[in-house]
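Please keep the sequence and the picture at hand while reading.

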Amino acid sequence: QDLVDHFEHQFGPVVLEGLELVLENVELREAQLSKQVQDRFFQQISKHGVGEMRPAFHGTDSKNYGSILDRGLLIPGFGLGADLKIVHGAAHGRGIYTANVDAAYLSQGFCSDPSMLVCAVLDCDKQVHHVGDAMVVMNPAFVVPLFLAVGSWKTARGLGAVGVGRFPAVVPAPVTPNPVALKAQKVKGKAGQLEPEKPKDLKAAKPKAKQSKFLARLAARSKKH
């Protein structure tokens, strides 16, 4: 509980700000981790301290939450995760892929519903590889999920939920074509036959991109003691 309180006190505002880029009505639920997952991370904390701890997000299918809370975040096909299959590839090498706190959109692309894991990453001992807006953790003992963030995906211009892993869609304004004029034309061997006139080329209206305003920061959550 001390670790959770420390994480929430130090990173709570930036975590919520990062989540609000893709989620609205955000609720943070404390992860109910198994003792073995807690002990594995605490062993590294005792060696390296909390000074190198970083907040991060991890997106996955919600059906995996139970296994993650019980076994922790693991590397598919390796070590404790030898029985797990690599689902999304490993473009930047073997490891556990997490998104920086200001890049929740990366994790959003792997979520099956509007929720994602809020993790603590120990960025030390050469166990974390930084690639753009992502952190690839090469040792499961250096990352632990502390919260489950749930909410609803942000909407684009009132057009409904944004697709998972996509930026808000810009929809062009509807175009109403002019009625097609019919005129009598003489066809060889037939007089007065009506044929449709080819419609003029219609240029689709240019979509107007409108950036949604940033939501007001959520009220600070009451500490659980």
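## The sheet

In this predicted model, 7 strands make up an open sheet whose order is β1-β7-β4-β2-β3-β6-β5, with antiparallel pairing. Strands here are DSSP runs of E with at least two residues, helices are runs of H or I with at least four residues, and both are numbered from the N terminus; two strands are said to pair if DSSP finds at least two bridges between them. At the edges of the sheet stand β1 and β5 (128-131), each of which pairs on one side only. From one strand to the next, the twist averages 35°, where axes are lines fitted to C-alpha atoms (for helices over the stretch in contact) and angles run from 0 to 180 degrees between N-to-C directions.

Strands of a sheet pair through backbone hydrogen bonds, in either a parallel or an antiparallel sense. Here β4 and β7 pair in the antiparallel sense over 7 bridges, and S115 has V150 in β7 as its bridge partner. How many bridges join β2 and β4? These two strands pair in the antiparallel sense over 6 bridges, and the partner of R54 in β4 is V121. Strand β2 also pairs with β3 (residues 96-100), again in the antiparallel sense, over 2 bridges, with F57 standing opposite A99 in β3.

## How the model is read

Residues are numbered from 1 along each chain as its sequence is written. The model is predicted, local features need pLDDT of at least 70, side-chain atom pairs count only at pLDDT 80 or more, totals for chains, interfaces and linings use all residues, and side-chain values use heavy atoms, with hydrogens and water left out.

## The chain as a whole

The chain has 4 helices and 9 strands, and when it is read along the sequence these follow the pattern α-β-α-β-α-β-α-β-β-β-β-β-β. Of its 225 residues, 36% count as buried, a word that means under 20% relative accessible area, while exposed means over 50% and partly exposed lies in between (1.4 Å probe, protein chains only). Among contacts (heavy atoms within 4.5 Å) between residues at least 6 apart in sequence, 75% join residues at least 24 apart.

## Helices lying across the sheet

Helix α1 (residues 2-19) bends by about 70° at F11, and the proline P13 follows within four residues; the bend at a residue is the angle between axes fitted to the seven residues ending there and the seven starting there. This helix lies across β1, β2, β4 and β7, and runs at about 50° to β2. The buried residues of α1 include L3, V4, F7, F11, V15 and L19, and what covers the buried residues of α1 includes β1 (23-30), α2 (35-48), β2 (53-58) and β7 (143-153).

Helix α2 lies across β2, β4 and β7, and its direction is at about 35° to β4. Strand β2, which both helices lie across, is mostly covered, since 5 of its 6 residues are buried.

## Charged pairs and cysteines

Side chains of opposite charge can pair when their charged atoms come close. A search of the whole structure finds 3 salt bridges, each being a side-chain nitrogen of Lys or Arg within 4 Å of a carboxyl oxygen of Asp or Glu. One of them joins K35 and D39, whose closest N and O atoms are 2.7 Å apart; these residues are 4 apart in helix α2, and so are separated by about one helical turn. Is K35 exposed or buried? With a relative accessible area of 61%, K35 is exposed, whereas D39 is partly exposed at 30%.

The side chains of R29 and E27 also meet in a salt bridge (3.4 Å, N to O), and R29 is partly exposed at 41% relative accessibility, as is E27 at 41%. Another salt bridge links R54 and E52 (3.3 Å, N to O), where R54 is partly exposed at 31% and E52 is partly exposed at 33%. As for disulfides, meaning pairs of cysteine sulfur atoms within 2.5 Å, the count comes to 0. Both C111, at 6% relative accessibility, and C119, at 0%, are buried.
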